[in-house]
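Subject: Structure handover

Hello,

Here is the structure for you to look over. My notes on it follow below.

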Amino acid sequence: MSRFGKKLADMATLLEVSREFTYRCAATMDAGEIIIKEISMAKNFATDVSDKITYNAVQIFGGMVCMRGSLVERLFRDNRILSIGGGTREIMNEIICKQLDL
Ligand SMILES: Cc1cc2nc3c(=O)[nH]c(=O)nc-3n(C[C@H](O)[C@H](O)[C@H](O)COP(=O)(O)OP(=O)(O)OC[C@H]3O[C@@H](n4cnc5c(N)ncnc54)[C@H](O)[C@@H]3O)c2cc1C
């Protein structure tokens, strides 16, 4: 196992879970169900996972990614908008709370 093996295994696991949840939401919507709560949860979960994965990618590649033009630097910067655009994390949580009658 490489020195980053455990980190990469955790990243791959989170990515897989996020993908499965997203696909389940898509299939349920495709079947005509309204699943506002699950979609909000899926957005928050997926963007939380992408935050973790891009953060860890920077850690793995080290100082090299401080350089403009590096792919990981670009992915890290681009990722930041995902939990803001199309409904922020806080607003998604508001929606989830309402759907759960909290
Ligand atoms: C690059 C980019 C692309 C975008 N693309 C799209 C797009 O394609 N379609 C689209 O519809 N919108 C898009 N947006 C807009 C995006 O949806 C808004 O930026 C987002 O809804 C937040 O609104 P705001 O920027 O006005 O921040 P504000 O509403 O001022 O919020 C600032 C912060 O306060 C938090 N906040 C606000 N209200 C509450 C509350 N009641 N409780 C707790 N926290 C709260 C927010 O979560 C956020 O963290 C895009 C934005 C950017 C920067």
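A word on classes: Ala, Val, Leu, Ile, Met, Phe, Trp, Tyr, Cys and Pro count as nonpolar, Asp, Glu, Lys and Arg as charged, and the others, Gly among them, as polar. Please keep in mind that this is a predicted model.

**Ligand**

Which residues surround the ligand? They are Ile81, Ile84, Gly85, Gly86, Thr88, Glu90, Ile91 and Glu94. By class, this shell has 3 nonpolar, 3 polar and 2 charged residues.

**Helix 1 and helix 2**

Helix 1 covers residues 5-30, and helix 2 covers residues 36-61. Their axes lie 9 Å apart, at an angle of about 160°. The two helices are therefore roughly antiparallel to each other. The crossing of helix 1 with helix 2 is left-handed. On the helix 1 side, the contact is made by Lys7, Met11, Leu14, Leu15, Ser18, Phe21, Thr22 and Cys25. Helix 2 brings Glu38, Ile39, Ala42, Phe45, Ala46, Val49, Lys52, Ile53, Asn56 and Ile60. That contact divides into 12 nonpolar, 3 polar and 3 charged residues.

I also checked the length of helix 1. With 26 residues at 1.5 Å a residue, helix 1 should span 38 Å. Its end C-alpha atoms are 37 Å apart, which agrees. Just after helix 1, glycine 32 has a positive phi of about 95°.

**Helix 2 and helix 3**

Helix 3 is made of residues 71-79. Its axis and that of helix 2 come within 9 Å and cross at roughly 155°. That makes helix 2 roughly antiparallel to helix 3. This crossing is left-handed. From helix 2, Ser50, Asp51, Thr54, Ala57, Val58 and Phe61 take part. They meet Val72, Leu75, Phe76 and Asn79 of helix 3. By class, the contact has 6 nonpolar, 3 polar and 1 charged.

**Helix 2 and helix 4**

Helix 4 runs over residues 89-99. The axes of helix 2 and helix 4 cross at roughly 145° and come within 9 Å. Helix 2 passes helix 4 with a left-handed crossing. Which residues of helix 2 meet helix 4? They are Ile36, Lys37, Ser40, Met41, Lys43, Asn44 and Thr47. Helix 4 supplies Arg89, Met92, Asn93, Ile95, Ile96 and Gln99.

Best wishes

How values were computed: Residues are numbered from 1 along each chain as its sequence is written. This is a predicted model: local features need pLDDT of at least 70, side-chain atom pairs count only at pLDDT 80 or more; totals for chains, interfaces and linings use all residues. A residue is near a molecule or strand if its C-beta atom, placed from the backbone, lies within 6 Å of it. Axes are lines fitted to C-alpha atoms, for helices over the stretch in contact, and angles run from 0 to 180 degrees between N-to-C directions. Helices (H or I, at least four residues) and strands (E, at least two) are DSSP runs, numbered from the N terminus. Angles under 35 degrees count as roughly parallel, over 145 as roughly antiparallel, 65 to 115 as roughly perpendicular and the rest as oblique. A crossing is left-handed if the near helix is turned anticlockwise from the far one by less than a right angle, and right-handed if clockwise. Two residues are in contact if their C-beta atoms, placed from the backbone, lie within 7 Å. The expected span of a helix is 1.5 Å times one less than its number of residues.
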